[in-house]
Every structure is written in C-alpha cells, then in structure tokens.
Amino acid sequence: MSQKIAQHEYRWLPTYFSPEYDFVGYDGERIIGRVTLEGRLGAEGAWQWSNRTRDDINRFEIHQGYAASKELAVEAVEHLDEMMDAGLDILGQ
C-alpha cells in the first residue's frame with residue numbers, strides 16, 4: 001500500500017508594520033504559522049516561531065519556541081506542519 005505524500009506550497013510573507021522582522025507562513029491559502037524577531041530582554045536577537053494546529057474547531061493549540069535565525073524558525077514551523085500531515089501527535093497525547 002502506498003502512502004500519499006502531501007505536497008506543500010510554503011511561502012512566507014512579511015507583515016505590513018515590520019516587513020524585515022515579522023513574517024506569516026502559508027501553505028497554499030492556509031496560515032501555518034508566524035516568525036518574528038524578538039526584542040524583549042532575555043530573548044533579544046532570537047527569532048520566535050509559532051505554529052497552530054489544523055482547522056479542527058474542537059482543538060486549537062499554538063506551539064511556539066525560539067530559534068537562532070529566521071531560517072531555523074521557518075524550518076521549525078514547516079517541520080511541525082509536516083508532522084501533522086503524517087498524523088503524528090506533536091503533543092504526545
């Protein structure tokens with residue numbers, strides 16, 4: 001039995017107010033997450049990433065963390081999105 005592999009159309013668009021430091025990620029038309037350069041003390045210079053679960057209205061959760069670069073933050077969001085495609089429970093529940 002062959003397993004269907006999802007094809008993704010990831011793209012990252014800058015936000016209006018902070019186009020160099022704040023980006024929203026899409027897979028086609030679906031929002032998958034956001035990455036933004038953190039400016040608060042203690043996290044200054046780190047890129048914060050956040051990812052949300054799929055369109056299940058009974059389960060809305062946000063997953064987030066920090067990365068050393070924008071590229072690593074984008075990779076984290078896209079990786080979690082792909083894990084959800086594979087049916088993996090990223091919370092371990």
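**Salt bridges in the predicted model**

The structure contains 4 salt bridges. The model is a predicted one. Three of the residues involved, D27, R30 and D81, are joined in a network of salt bridges, and a further pairing brings together E29 and R11.

**The pair E29 and R11**

- A salt bridge connects the side chains of E29 and R11, with an N to O distance of 3.4 Å.
- This pair links distant parts of the chain, as the two residues are 18 residues apart.
- E29 lies in the loop between strand 2 (22-27) and strand 3 (30-37), while R11 belongs to strand 1 (residues 10-14).
- E29 counts as exposed because its relative accessibility is 71%, which is over the 50% cut-off.
- R11 counts as partly exposed, at 32% relative accessibility.

- R30 takes part in a salt bridge with D27, in which the closest N and O atoms are 3.1 Å apart.
- The side chain of R30 also meets that of D81 in a salt bridge, at 3.0 Å from N to O.

Note on methods:
Residues numbered from 1 in each chain as written. Predicted model: local features only at pLDDT ≥ 70, side-chain atom pairs only at ≥ 80, totals over all residues. Heavy atoms only, no water. Helix = DSSP H or I, 4+ residues; strand = E, 2+ residues; numbered from the N terminus. Buried < 20%, exposed > 50% of the residue type's maximum accessible area, 1.4 Å probe, protein only.
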